[in-house]
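Please read this briefing alongside the sequence and the model.

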Amino acid sequence: MSQALPSSAPDPLIRLIGVTKRFGSGEAAFQALKGVDLDIMAGDFMAVMGPSGSGKSTTMNILGCLDVPTTGSFLFRGHHIESLGRDQRALLRRRYLGFVFQGFNLLSRTTALENVELPLLYRGDDKRARRTAALAALDQVGLVDWASHTPSELSGGQQQRVAIARAIVTHPDVLLADEPTGNLDSERSLEIMELLTRLNRDRGITVLMVTHEAEMAAFARTVVHFRDGLVERVTTGALAA
Amino acid sequence: MTDAAAPPPPGRASTARLVGTTVLLALRAIRRHLLRSILTVLGIVIGVFAVVTIVTLGKGATESTRQQISSLGANILTVLPGQANGRGGGGQTPPPFKFEDLDAIRGQVAGVTAVAPQAQSSATAVHNAANWATTVNGTTDAYLDAQDWKIEDGRRFTDAEEQAGKSVCLMGSTVKQNLYPNEAPVGSTLRLGNVSCTVIGTLATRGAGGFGQDNDDTVLMPIKAVQRRFTGNRDIRAIIVSADPAYDSADVQESIAKLLRERRNITGGKLDDFTIFDSRQIADTLSGITNILTGIVGAVAAISLLVGGIGIMNIMLVSVTERTREIGIRLAIGAVAREVMLQFLVEAVVLSCLGGLIGLVLALIASLGLTAALNVPFVFDPWTNLMAFLFSGLIGVVFGYFPARRAAALNPIDALRYE
Ligand SMILES: Nc1ncnc2c1ncn2[C@@H]1O[C@H](COP(=O)(O)OP(=O)(O)OP(=O)(O)O)[C@@H](O)[C@H]1O
Ligand SMILES: [Mg+2]
């Protein structure tokens with residue numbers, strides 16, 4: 001497991017260089033990102049903080065290949081990603097990325113197991129492989145016994161754990177979570193943070209998490225502060241949060 | 001352990017795998033929204049049901065017409081004086097046929113099995129206190145062969161009776177039912193208008209003809225008796241010819257026409273003053289009419305199929321909007337636009353095919369019931385059923401395409417944010 005120590009880490013897993021993002025055009029145009037430079041090392045657990053509207057979600061969407069920068073470079077494993085087309089980005093997401101959302105975003109009226117199987121379906125795994133992998137992922141989040149329950153039968157914390165299982169079932173390199181505890185009480189939130197920490201530590205998944213709460217950011221190894229479309233400062237280790 | 005040297009995949013999604021996946025996804029989506037799915041396909045179900053039921057009934061009616069006409073006898077040519085379209089020569093009534101004409105046809109035309117004359121009159125038949133208005137047909141014994149009548153009771157005409165024009169008769173079953181409810185008619189005396197005749201036999205029931213007329217409402221007498229006692233002349237109103245099925249009836253018809261032209265001095269550009277009807281042609285014409293009617297009503301029903309298709313599109317569009325967030329999730333997870341599009345398209349096609357199938361089953365049940373109730377034969381036409389099914393699938397493709405494209409074009413970020 002490579003630790004992201006500056007001296008021993010040659011290349012970052014992800015590198016943003018002068019990334020800008022502009023929404024709309026003409027009078028109504030809005031510059032959400034004004035030149036973000038950011039290196040993310042493999043295996044890092046990074047919290048993204050900052051005031052509302054500072055560009056956290058915009059940055060996460062670009063990192064998650066859901067959106068493209070207006071200008072600037074986005075390197076993933078040393079490869080330029082910023083100019084890839086829609087389908088290429090979809091395939092990158094499928095192969096390397098996992099998402100956890102604030103609003104859980106599980107398919108309703110669909111069992112936890114089927115929700116977790118979904119990414120494997122798109123990957124084309126056969127039925128048995130899907131089932132085995134999905135149950136293993138549910139086991140990691142401690143919900144094997146709830147496999148046949150639909151989201152409406154699960155608590156918010158459980159739903160978010162199912163969502164995490166869905167995100168990690170494909171063994172992604174990076175887990176992106178935009179305010180994953182935003183809809184949960186503090187006890188549930190701590191459970192989720194412990195789960196993310198474990199995944200980061202035991203499976204080496206790079207975790208990128210947006211949060212407003214210092215309590216949650218304390219779990220991270222690196223904290224990035226955004227302000228006004230720019231990275232204000234990056235703190236690491238004990239200095240974090 | 002991440003390998004920093006491994007490049008991101010330049011790959012693409014495999015299409016073969018795609019179809020299998022999307023069918024599964026579509027089936028799951030249909031199951032998730034079961035009630036809506038049922039409502040969606042209702043239009044298709046009704047459309048397919050209506051088209052197939054109507055066409056099946058139409059085919060049954062055509063078949064029934066054909067059967068009834070062919071029940072008149074294998075293949076009968078009826079020769080009448082005058083022209084079918086009424087363009088008879090300037091007020092002159094065309095001459096009636098003579099017995100010699102019949103002899104000539106019998107002797108000179110190949111492929112003729114029986115030739116019978118016909119002279120007709122209407123009369124009120126009276127027996128005891130009951131009376132019944134019917135048609136008296138003057139003819140010969142050959143008529144029974146030509147039209148394939150069976151004797152139920154008694155016997156046929158003898159030569160002597162025909163030659164002498166004896167007052168004897170054969171009675172159709174309708175007349176018998178009305179005048180002899182509980183009595184055997186053979187041997188009794190029947191009064192027809194003011195003519196008395198002896199009943200020598202009864203005819204087996206034959207049923208309604210192709211035009212709805214009652215074939216059994218008739219009394220047969222030797223033609224000479226009818227000419228002398230009813231019509232008062234020696235005219236033969238029609239010649240009934242039955243053709244050997246081994247011969248082409250068009251050839252037989254043409255031979256008869258040639259012979260009659262000769263005998264009636266029709267030469268050069270003069271128009272025929274007689275007409276030959278072919279029962280098979282009449283059957284074909286009638287079937288044609290039934291087919292056209294079936295086609296028209298079927299087309300009207302097909303419009304309901306189209307309406308069903310528009311219903312599918314409408315509900316699929318609503319479904320795309322309602323499921324925007326779901327589409328966002330799928331895209332974020334790594335579905336490519338093509339997969340989302342295919343999923344919705346497959347959903348539409350699976351739904352409409354399912355609707356088509358349900359419609360076919362319902363149509364089968366209804367057709368079986370209705371044909372039994374209407375007393376027409378049930379004709380299962382695999383072609384109609386297959387076409388209706390394929391058409392419902394096609395409707396799914398056509399009307400599912402637009403909503404599917406709209407779903408695939410969604411931006412994942414906007415879709416995920418959609419409330
Ligand atoms: N699609 C868009 N079109 C126009 N403006 C946008 C769009 N998306 C984001 N913005 C704007 O860009 C700015 C940054 O948005 P972003 O969502 O990144 O903020 P954030 O840091 O995540 O804030 P929050 O903490 O409230 O989630 C905001 O002012 C927002 O209004
Ligand atoms: Mg945000």
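Buried means under 20% relative accessible area, exposed means over 50%, and partly exposed lies in between, with a 1.4 Å probe and protein chains only. By that criterion, buried residues make up 48% of the 419 residues in chain B. This is a predicted model, in which local features need pLDDT of at least 70 and side-chain atom pairs count only at pLDDT 80 or more, while totals for chains, interfaces and linings use all residues. Residues are numbered from 1 along each chain as its sequence is written, chains are lettered from A and ligands numbered from 1 in the order in which they are written, and side-chain values use heavy atoms, with hydrogens and water left out.

**Confidence**
- For chain A the mean pLDDT (the predictor's confidence in each residue, from 0 to 100) is 91, and 94% of the residues of chain A reach 70 or more.
- Residues 1–5 of chain A have a pLDDT below 50, and beyond near neighbours in sequence this stretch has 6 contacts (heavy atoms within 4.5 Å) in the model.

**Chain B overall**
- Chain B holds 13 helices and 10 strands, where helices (H or I, at least four residues) and strands (E, at least two) are DSSP runs numbered from the N terminus.
- Of the contacts in chain B with a separation of 6 or more, 80% are between residues 24 or more positions apart.

**Salt bridges**
- The whole structure contains 32 salt bridges over all chains, each being a side-chain nitrogen of Lys or Arg within 4 Å of a carboxyl oxygen of Asp or Glu.
- One of them pairs A:Glu117 with B:Arg28, whose closest N and O atoms are 3.4 Å apart; because A:Glu117 lies in helix H3 (residues 112–123) of chain A and B:Arg28 in helix H1 (residues 15–32) of chain B, the pair joins two chains.
- Both A:Glu117 and B:Arg28 are buried, and they belong to a network of salt bridges that also links A:Glu114, A:Arg130 and B:Arg31.
- B:Asp103 and B:Arg106 form a salt bridge with an N to O distance of 3.0 Å, and both lie in helix H3 (residues 99–108) of chain B, 3 residues apart, about one turn of the helix.
- B:Asp103 is partly exposed at a relative accessible area of 45%, and B:Arg106 is partly exposed at 44%.

**The sheet of chain A**
- In chain A, 6 strands form an open sheet of mixed pairing in the order E6-E7-E8-E3-E9-E10, where two strands pair if DSSP finds at least two bridges between them.
- The edge strands are E6 (97–100) and E10 of chain A, each of which pairs on one side only.
- Strand E3 (residues 45–49) of chain A pairs with E9(A) in the parallel sense over 4 bridges, and A:Ala47 has A:Val223 as its bridge partner in E9(A).
- Strands E9 (residues 222–227) and E10 (residues 230–236) of chain A pair in the antiparallel sense over 6 bridges, with A:Arg233 in E10(A) as the bridge partner of A:His225.
- The hairpin of E9(A) and E10(A) has 2 residues between the strands, and A:Asp228 takes a positive phi near 55° there.
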